[in-house]
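Please look over the model shown here together with its sequence, and then read the account of its helices, its core and its pocket.

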Amino acid sequence: MELLAILLILGILILLLLVIAIYQIKMAGMHVKDFWTFIRANDTLDKLYAFAEKYEKLSPQQQMLFLSEAEKVFDAFDKVPNALWEEEYNKYMKILGKYKDIKLLRWHESSESEEDSKNNTNTKIIRPKG
């Protein structure tokens, strides 16, 4: 009987803490889903940071994966107040810098390939008469 009472009190206490946590999230102007996404994105930010520190050159597939994951992190971080992630600011800025570098590199490569294809289609074939 005493064990049941203890379990009931613990259950009520856990439920109360959960309600308080949800209330605090709502008071901060966030949705619970956004907060949970932020928590997962924070973990991804740490992984991207370690990845960016380790590798200077990325293959095109790695670049696409990095860009995709970074965009998810940026979206999640945009939905929460800055004060919540100010400790992660340096990591965030490092990932943002790497993201911009890759985007610029990919844009430059695509503009070069477009220019090459234009040059190839504009080349006139001159045939001798006769």
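The model is predicted, and the values below are computed from its atoms.

| Helix | Residues | Number of residues | Reach, first to last C-alpha | Expected reach |
|---|---|---|---|---|
| H1 | 2-27 | 26 residues | 37 Å | 38 Å |
| H3 | 60-78 | 19 residues | 27 Å | 27 Å |

For H1 the reach is close to the span expected at 1.5 Å a residue, and for H3 the reach is likewise close to its expected span. H1 is followed by glycine 29, whose phi is positive, near 85°.

Within H3, the buried residues are Gln63, Phe66, Leu67, Ala70, Val73, Phe74, Ala76 and Phe77. An α-helix has 3.6 residues a turn, so residues three or four places apart point the same way.

The largest nonpolar core has 22 residues, of which Phe66, Ala70, Phe74, Phe77 and Ile95 touch the most other members. Helix H2 (32-54), H3 and H4 each supply at least two residues of this core, and the largest share, 7 residues, comes from H3. Phenylalanine 77, one of the core residues named above, touches Phe38, Ala41, Asn42, Leu45, Trp85, Glu88 and Tyr92, when residues up to four places away in sequence are not counted.

The largest pocket has a volume of about 250 Å³, and its lining is formed by Ala52, Glu56, Lys57, Leu58, Pro60, Gln63, Lys94, Lys98, Asp101, Ile102, Leu105 and Glu109. The elements that give two or more residues to this lining are H3 and H4, with H4 giving the most, at 6 residues. By residue class, the lining divides into 5 nonpolar, 1 polar and 6 charged residues.

Apart from residues up to four places away in sequence, lysine 98 touches Ala52, Tyr55, Glu56, Leu58 and Phe66. Among these contacts of lysine 98, Ala52, Glu56 and Leu58 also belong to the pocket lining, as does Lys98 itself, whereas Phe66 is named among the members of the nonpolar core.

Note on methods:
Residues numbered from 1 in each chain as written. Predicted model: local features only at pLDDT ≥ 70, side-chain atom pairs only at ≥ 80, totals over all residues. Heavy atoms only, no water. Helix = DSSP H or I, 4+ residues; strand = E, 2+ residues; numbered from the N terminus. Expected span 1.5 Å × (residues − 1). Buried < 20%, exposed > 50% of the residue type's maximum accessible area, 1.4 Å probe, protein only. Contact = heavy atoms within 4.5 Å. 1 Å grid on protein atoms, 1.4 Å probe; cavity = no way out; pocket = protein on both sides within 12 Å on 5 of 7 lines; lining within 4 Å. Points joined across faces, edges and corners; volume = space filled by probe spheres on them. Nonpolar A, V, L, I, M, F, W, Y, C, P; charged D, E, K, R; others polar. Core = buried A, V, L, I, M, F, W, Y, C linked by side-chain atoms within 4.5 Å.
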